[in-house]
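Please look through the sequence and the 3D structure shown here before reading the notes that follow.

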Amino acid sequence: MNCRNEEKFISTAINSVLFQTYKNFELLIWDDASNDNTLKIIKSFDDKRIKIFGNKTHLGLGLSRCKAQREVNGELVAILDADDEMSNNRIEKQVNEFLMNENLAL
């Protein structure tokens, strides 16, 4: 989840990930030098699955997303923008599709 100045939406986005029916995930959040309360809000979540990274200066979404990809540990990645939210079974459905069809690529 990349973000910059998303204090109005970041809590909803994070909660939509934390309350997934599929529980085996890590949530990487990459802050692109926010200058509002975004980072403070992110740090208020007490969940070991959340990993927080960030830029010291604003780089933009493209460069920030590339930097975030270097920190991914899992085999599958689901992208969520900080001003969006997931349905509570999105990850479970996506993982099941990949497990049932080894030729699936996105």
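A compact globule of 106 residues would have a radius of gyration near 13 Å, and because the chain has 14 Å, the two values agree; this radius is taken over C-alpha atoms, and the globule rule is 2.2 Å times the number of residues to the power 0.38. The model is a predicted one, in which local features need pLDDT of at least 70 and side-chain atom pairs count only at pLDDT 80 or more, while totals for chains, interfaces and linings use all residues. Residues are numbered from 1 along each chain as its sequence is written, and side-chain values use heavy atoms, with hydrogens and water left out.

**The whole chain**

- The chain has four helices and three strands, where helices (H or I, at least four residues) and strands (E, at least two) are DSSP runs numbered from the N terminus.
- Along the sequence these elements follow the pattern β-α-β-α-β-α-α.
- Taken along the principal axes, the C-alpha atoms of the chain fill a box of roughly 45 × 25 × 20 Å.
- Of the 106 residues, 31% count as buried, a word that means under 20% relative accessible area, whereas exposed means over 50% and partly exposed lies in between (1.4 Å probe, protein chains only).
- Among contacts (heavy atoms within 4.5 Å) between residues at least 6 apart in sequence, 70% join residues at least 24 apart.

**Strands and their pairing**

- Strand S2 (residues 27-32) runs parallel to strand S3 (residues 50-55), and six bridges join them; two strands pair if DSSP finds at least two bridges between them.
- Strand S1 (residues 2-3) also pairs with S2 in the parallel sense, over two bridges.
- Within S2, Trp-30 is the bridge partner of Asn-2, and Trp-30 also stands opposite Phe-53 in S3, while Leu-28 stands opposite Lys-51 in S3.
- S2 is mostly covered, with six of its six residues buried: Leu-27, Ile-29 and Asp-31 point one way from the strand, and Leu-28, Trp-30 and Asp-32 point the other way.
- A right-handed β-α-β unit is made by S1, H1 and S2, and another such right-handed unit by S2, helix H2 (residues 38-43) and S3; a crossover is right-handed if, with the strands pointing away from the viewer, the path from the first strand over the helix to the second runs clockwise.

**The nonpolar core**

- The largest nonpolar core has 18 residues, and those with the most contacts inside it are Met-1, Ile-10, Ile-14, Val-17, Leu-27 and Ile-29; such a core is a set of buried Ala, Val, Leu, Ile, Met, Phe, Trp, Tyr and Cys residues joined through side-chain atoms within 4.5 Å.
- Helix H1 (10-18), S2, H2 and helix H4 (90-100) each supply at least two residues of this core, and H1 gives the most, with five residues.
- Not counting residues up to four places away in sequence, Met-1 touches several residues, among them Ile-10, Ala-13, Leu-27, Trp-30 and Leu-80.

**Thr-21**

- Thr-21 has its place in the loop between H1 and S2, and it counts as partly exposed because its relative accessibility is 38%.
- Leaving out residues up to four places away in sequence, Thr-21 touches Asn-88, Asn-89 and Glu-92.
- The side chain of Thr-21 makes a polar contact with the side chain of Glu-92 (2.5 Å); a polar contact is a pair of N or O atoms within 3.5 Å, and within protein one must be able to donate a hydrogen and the other to accept it, while residues adjacent in sequence count only if both atoms are side-chain atoms.
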